Amino acid sequence: MSDYHQPGYGYGPQSGPQQPYGGGPGWQSGPPPNGYGYPSAPGYGADPGYGTPPPPPSTSAAMWAHLGALLTVTAGSMMCCGLGAFAGWIGPMSVRGSERNKHDRYVRHHATEALNFGITQALMAVLGAVLYFGTMLVYGLVADEAQRASAGLAIPMLTVIAIMGAYGISGVVCAIIATVKATRGEWWSYPRLIAWPMVKAA
């Protein structure tokens, strides 16, 4: 048998034991000190803001937007001979236009809903007044003496009053629901018939 030994891979004689792969200088021979990844990289989720819950909504300002419109329309109308129905938009507009609430999406949503409610109620109050006095005027022009002496005018007048009264009660109920929803931190919108979306929240 020959004493010839096949040399290892590479050129020249082997001067010592072969270093393991990646064991040379500049390579880490153990696990990185800070977990998986580069040594200087922070661990997953190290950002202090990661997983922070969002702040609670500003329910107080949102509630006052609806409550201001509701009190103006109801109590203002009773104390000022119905004039409060024309001014229900003033309170929500002040809440919506406040510098403190300009960047609060929750407050702006509810204030805009209450503002549209106040504007719609004012328009319906104008329409009710036109129908009321218009009915009186038309009846007075076309009715004869016998009809004027009778109770014929009461029927159209009571019809207008019943329609506007039912609409007003529906608006009050919706405003109460909106106030409760805003207090609980819930998003809610009026029906279009009660609050026509003329003003956008954005």
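## Ile-119 and its contacts

In this predicted model, Ile-119 is in contact with Trp-89, Met-198 and Val-199, leaving aside its neighbours within four places in sequence. Met-198 is 79 residues away from Ile-119 along the chain, and the C-alpha atoms of the two are separated by 8.5 Å.

Ile-119 is part of helix H3. Its relative accessibility is 22%, so Ile-119 counts as partly exposed; the cut-off for a buried residue is under 20%.

## Helix H5

Helix H5 covers residues 154-183. With 30 residues at 1.5 Å a residue, H5 should span 44 Å, and the distance of 43 Å between its end C-alpha atoms agrees with this. After H5 comes Gly-185, which has a positive phi, near 80 degrees.

The buried residues of H5 are Met-157, Val-160, Tyr-167, Gly-171, Cys-174, Ala-175, Ala-178, Thr-179 and Ala-182. They pack against H3 and against helix H1, which runs over 59-79. Ile-161 also lies in H5, but with a relative accessibility of 44% Ile-161 counts as partly exposed.

## Nonpolar cores

Twelve residues make up the largest nonpolar core: Ala-69, Leu-70, Val-73, Phe-117, Tyr-167, Cys-174, Ala-175, Ala-178, Trp-188, Tyr-190, Ile-194 and Ala-195. H1 and H5 are the elements that give two or more residues to this core. H5 provides the largest share, four residues.

Within this core, Val-73 and Phe-117 are both members. Val-73 touches Phe-117 and also Gly-84, Ala-85 and Gly-88, not counting residues up to four places away in sequence. Another core, of five residues, lies apart from the largest one; among its members are Val-95, Val-107, Ala-111 and Ala-114.

## Nonpolar surface patch

Helix H3 (105-142) and H5 each supply at least two of the patch residues. The contribution of H3, three residues, is the most that any element gives.

## Salt bridges

Side chains of opposite charge can pair when their charged atoms come close. The structure holds two salt bridges.

One of them joins the side chains of Glu-99 and Lys-102, at 3.3 Å from N to O. Glu-99 counts as exposed because its relative accessibility is 59%, and the cut-off for exposed is over 50%. Lys-102 has a relative accessible area of 39% and is therefore partly exposed.

The other salt bridge is formed by Lys-181 and Glu-186, whose closest N and O atoms are 3.2 Å apart. Both partners are partly exposed: Lys-181 has a relative accessible area of 24%, and Glu-186 has a relative accessibility of 30%. Lys-181 lies within the range of H5, 154-183, and its partner is Glu-186.

Terms used
Residues are numbered from 1 along each chain as its sequence is written. This is a predicted model: local features need pLDDT of at least 70, side-chain atom pairs count only at pLDDT 80 or more; totals for chains, interfaces and linings use all residues. Side-chain values use heavy atoms; hydrogens and water are left out. Buried means under 20% relative accessible area, exposed over 50%, partly exposed in between (1.4 Å probe, protein chains only). The expected span of a helix is 1.5 Å times one less than its number of residues. Contact means heavy atoms within 4.5 Å. A nonpolar core is a set of buried Ala, Val, Leu, Ile, Met, Phe, Trp, Tyr and Cys residues joined through side-chain atoms within 4.5 Å. A salt bridge is a side-chain nitrogen of Lys or Arg within 4 Å of a carboxyl oxygen of Asp or Glu.
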